[in-house]
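Student: I would like to learn how to read a model like this one, feature by feature. Could we start with a pair of strands?

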Amino acid sequence: MKILILIFFFFSFTFTQSKDSNLFEENLDNINIDSNISLLKNETPLVEEVPSVEEITIPTTIKIPLTNEINEEEPEGKSVEDGDFSIPNIFRSLLISYPDVVTKVKKVDNPYHPDLAIRVRDKIFYNVQGRFLPEEERDHWKKYSSNTFYDYAKSIPDPLQRTKKEIQLMKKQGSKNYRKRKKSTYPGFNEALYGMKSLSDTNTQIIKARFLGKQVLVHQFSYKPLMKVQEEIYKLTNTHPEVVQFLREGDTVYSFFWRNIANSKGRSLHSYGIAVDVLKEGSTDAVYWLWRQNQKIDWIREPISVRWNPPLTVVEIFEKHGFVWGGKWNFYDTMHFEYRPDLLLLNGYEVIFVR
Ligand SMILES: [Zn+2]
């Protein structure tokens, strides 16, 4: 396939530094994990007419244009979550990002739900109003929120630039009640994508690795990219003192654990082993919005300067290899990195795949 810009044949594991080798024993119950929070803007149909599978060509460059070159005249209000991504582009980003398991996009000729479907492993998922659902769930789409594809910022959103209206909306979205009531996505899609329906599936999907001197458990999708990230971070230690400082500070690394997002019905991406937290232990800096909120701090209006952030050079390395950083979310989580190359592609980032 032509879809790879770069393939690293000579993938090497370099552990040029070693830190204290605490095993993976931390009390994970103390950690609240959140993923992005975003709302479906409306319920209008996303795509009026859909192309057949033959018309969907994988681009030769990895960058996906945000404009939809397939349907020139798409109706207003087709957004999925906060982003303005068309379903063909979303499916294309999934095909590129997970070619071993996402294998086919097809047109559905059902006049009731005329749209695209995608095959993930042995299951077909239909797009119904931005929800990716199996046949039997198509008529129950209102039970679920749409799959999560959102505008991933190029830089950290500045809290001081927020309008009153934005602040109000964030307050509402951050409230316990709202989060409890909020629908979650249909879990079967991620279960199929990551091949993990229950804890016992970890045997086939989760790999034990060492990352930044700690033992971590990661999904096989994110294992090689994570090792590449590590290699590049270590390379910077000769020239970038802030990276050395980061490695000193990031004294705890969390990865896989099977749990739901705090106060919500959704399963955290940590449950699939594609998220990694690098945490500065004992810090009083702002790391995670919910911890701030629980301390009754007006976190929405706090400037970025109160946060603990990894060096941007480190963030860029993660992004280059397909990880989004939680520090760019409005509901920030500065310790959190998760493997979402599909989302980065949709947002115009170039991603290097290690295969
Ligand atoms: Zn996390």
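Tutor: Gladly. Start in β3, where Tyr126 is the bridge partner of Ala117. Strands in a sheet pair through backbone hydrogen bonds, either parallel or antiparallel. Two strands are taken to pair if DSSP finds at least two bridges between them. Helices (H or I, at least four residues) and strands (E, at least two) are DSSP runs, numbered from the N terminus. This is a predicted model, in which local features need pLDDT of at least 70 and side-chain atom pairs count only at pLDDT 80 or more, while totals for chains, interfaces and linings use all residues. Residues are numbered from 1 along each chain as its sequence is written.

Student: In what sense do β2 and β3 pair, and over how many bridges?

Tutor: Their pairing is antiparallel, over four bridges. Arg119 stands opposite Ile124 in β3. The hairpin of β2 and β3 has two residues between the strands, and Arg121 takes a positive phi near 50° there.

Student: How many bridges join β3 to β4?

Tutor: Three, and these strands run antiparallel. Asn127 has Phe132 in β4 as its bridge partner. In the hairpin of β3 and β4, again with two residues between the strands, Gln129 takes a positive phi near 50°.

Student: Which residues of α4 are buried?

Tutor: First the cut-offs: a residue is buried if 20 or more other C-beta atoms lie within 10 Å of its own, exposed if 12 or fewer, and partly exposed in between, with C-beta atoms placed from the backbone. In helix α4 (residues 187-194), Asn190, Ala192, Leu193 and Tyr194 are buried. They pack against β2 (116-120), β3 (123-128), α5 (202-205) and β6 (214-219). Just after α4, Gly195 has a positive phi of about 65°.

Student: Why does Ser175 count as partly exposed?

Tutor: Because Ser175 has 13 C-beta neighbours inside 10 Å. Ser175 sits in the loop between α2 (164-174) and α3 (176-181). Its C-alpha is 9.8 Å from that of Leu290, although the two are 115 residues apart in sequence.

Student: How should I read two packed helices?

Tutor: Packed helices are described by the angle between their axes and the distance between the axes. Helix α6 (residues 220-236) and helix α9 (residues 312-320) pack at about 155°, with axes 9 Å apart. That makes α6 roughly antiparallel to α9, since angles under 35 degrees count as roughly parallel, over 145 as roughly antiparallel, 65 to 115 as roughly perpendicular and the rest as oblique.

Student: Which residues meet there?

Tutor: From α6 come Val229, Glu232, Ile233 and Leu236, and they meet Thr313, Val314, Ile317 and Phe318 in α9. The residues of this contact divide into six nonpolar, one polar and one charged. Here Ala, Val, Leu, Ile, Met, Phe, Trp, Tyr, Cys and Pro count as nonpolar, Asp, Glu, Lys and Arg as charged, and the others, Gly among them, as polar.

Student: Where does α6 lie relative to the strands?

Tutor: α6 lies across β8 (275-280), β9 and β10, running at about 125° to β10. An open sheet of four strands has the order β7-β8-β10-β9, with antiparallel pairing. Three bridges join β9 to the antiparallel strand β10 (residues 336-339), and Phe323 stands opposite Tyr339 in β10.

Terms used: Contact = placed C-beta atoms within 7 Å. Axes fitted to C-alpha atoms, helices over the stretch in contact; angles between N-to-C directions.
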